[in-house]
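The numbered points below may be read alongside the sequence and the model.

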Amino acid sequence: MAVSLAGGVDPPALLMLLADGRVRSGAWLARELEANLGAIRQGIQRLRSLGIEVKAQARRGYCLPQPIELLDALLIRAALGRDLNPKLRNLEVLFEVDSTNTRLLEGAPPPAGEADVCMAELQHSGRGRHGRRWIAPFGGSIALSLAWSFRDAARANPALSLAVGVAICRALARVGARGISLKWPNDVWFSDRKVGGVLLELKTEVSGAAHVVIGVGLNVSLSAAARREIEETGVRAAAVADACTEAGSRNWMTGTLLDELLRMLDHFEREGFAPFRDAWTALDALRGRPARILAGDSVISGTARGVDADGALLLESEGRMQRFVSGEVSLALNLGDA
């Protein structure tokens, strides 16, 4: 039985019955969920209120516009290397949440060398850098957060976001994506369009350790409507599917992403950014191109020259090299990518 305490149908249970994209009659759904037709109609309206499109066909029933692959913790864990499964202490897959980052940051940090992960089909308050709203199309995105404890808080430096970018690109290459690149400091690109991004948040502990939460948002596939919605915010959008010759499993992609993130964190904690710098340089979407950076109230234009050993952006401007540890950077001829 999938009836809530308020007498309505549990939205995740209803969604699971519709996930294959087939038309399901109200009577069939009611039998499966041991509910009445009124509860089914309320459940459909609840899904629609969450932004999930459910089509109604006269005298036939309900269906989604296309099949979706719902997140599944067992399938995600199956994509992890055997050596890494013990490092993933908790894997929480939610139907909806305000923010996966906030959920982990407000909780107790995991033990050193282990990770807690939270992901959700729907985020109501997902955000990117500087509090910007992060739009994650239902069924076509990955929104996850990973909590990690650094024994030495100094290791949790800004270059970590660049190493996370390298891990993301390695994971996407493993699932067949080609041409994925990185824009300093934390954007994932394809053909100069944004596929995803990284948000790092941390709390320092009295012991000198750091509780870091790494938020990753990726567009796996985008409908025309979802692409328009994102681009209305001023972001030129792309999806992992744009870089692949054939569609892949969202669960396998998520597990592969966690595999690469866990490997990266273990390496980064021991050796810092140095082992990742060459890989990041090879993925740098701005290197050698005209760029501008907004740093405080100043806008500096020049040519992007990669990053230094600490992950700071190097910009050659008016004959001299300038170094930036923070700021908003974009291609000089394109203001819609930040």
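## Notes on the predicted model

1. Glu318 has a relative accessible area of 80% and is therefore exposed, the cut-off for that class being over 50%. Glu318 is placed in the loop between strand 12 (313–317) and strand 13 (320–324). Its phi is positive, at about 55°, although Glu318 is not a glycine. As with every value in this note, the figures come from a predicted model.

2. A positive phi is also found at Asp192, where the angle is about 65° although the residue is not a glycine. Asp192 belongs to the loop between strand 7 and strand 8 (193–204).

3. The peptide bond that joins Trp184 and Pro185 is cis, with omega at about 0°. Pro185 is located in the loop between strand 6 (180–183) and strand 7 (187–190).

4. Ser301 is part of strand 11 (residues 298–307). Its relative accessible area is 39%, so Ser301 is classed as partly exposed. Not counting residues up to four places away in sequence, Ser301 touches Ala291, Arg292, Leu315 and Ser317. Ser301 and Gln322 are 21 residues apart along the chain, and their C-alpha atoms are separated by 10 Å.

5. Is Val216 buried or exposed? Its relative accessibility is 4%, and Val216 therefore counts as buried, since the limit is under 20%. Val216 lies in strand 9 (residues 210–219). Among the residues that Val216 touches, leaving aside those up to four places away in sequence, are Ile142, Ala143, Leu144, Val164, Ile168, Gly197, Leu257 and Leu261. From Val216 to Arg263 the separation is 47 residues in sequence and 16 Å in space, C-alpha to C-alpha.

6. The largest nonpolar core contains 69 residues, of which Leu258, Leu261 and Met264 touch the most other members. Helix 6 (residues 160–174) supplies the largest share of this core, with 10 residues. Leu258 itself touches Ile76, Leu80, Leu88, Leu91, Val117, Met119, Leu144 and Leu146, again not counting residues up to four places away in sequence. Another core, of 24 residues, lies apart from the largest one; its members include Ile44, Ile68, Leu70 and Phe138. In soluble globular proteins, nonpolar side chains tend to be buried together.

7. Helix 1 (residues 11–18) packs with helix 2 (residues 26–33) at an angle of about 125°, and their axes are 11 Å apart. Helix 1 and helix 2 are therefore oblique to each other, and their crossing is right-handed. On the side of helix 1, the contact involves Ala13, Leu14, Leu17 and Leu18; on the side of helix 2, it involves Trp28, Leu29, Glu32 and Leu33. By class, this contact comprises seven nonpolar, no polar and one charged residues.

8. How do helix 1 and helix 3 (residues 37–49) cross, and within what distance do their axes come? The axes come within 10 Å and cross at roughly 90°, so helix 1 and helix 3 are roughly perpendicular to each other. Pro11, Leu14, Leu15 and Leu18 of helix 1 make this contact with Ile40, Gly43, Ile44, Arg46 and Leu47 of helix 3. The residues of the contact divide into seven nonpolar, one polar and one charged.

Methods
Residues are numbered from 1 along each chain as its sequence is written. This is a predicted model: local features need pLDDT of at least 70, side-chain atom pairs count only at pLDDT 80 or more; totals for chains, interfaces and linings use all residues. Side-chain values use heavy atoms; hydrogens and water are left out. Axes are lines fitted to C-alpha atoms, for helices over the stretch in contact, and angles run from 0 to 180 degrees between N-to-C directions. Helices (H or I, at least four residues) and strands (E, at least two) are DSSP runs, numbered from the N terminus. Angles under 35 degrees count as roughly parallel, over 145 as roughly antiparallel, 65 to 115 as roughly perpendicular and the rest as oblique. A crossing is left-handed if the near helix is turned anticlockwise from the far one by less than a right angle, and right-handed if clockwise. Contact means heavy atoms within 4.5 Å. Ala, Val, Leu, Ile, Met, Phe, Trp, Tyr, Cys and Pro count as nonpolar, Asp, Glu, Lys and Arg as charged, and the others, Gly among them, as polar. A nonpolar core is a set of buried Ala, Val, Leu, Ile, Met, Phe, Trp, Tyr and Cys residues joined through side-chain atoms within 4.5 Å. Buried means under 20% relative accessible area, exposed over 50%, partly exposed in between (1.4 Å probe, protein chains only).
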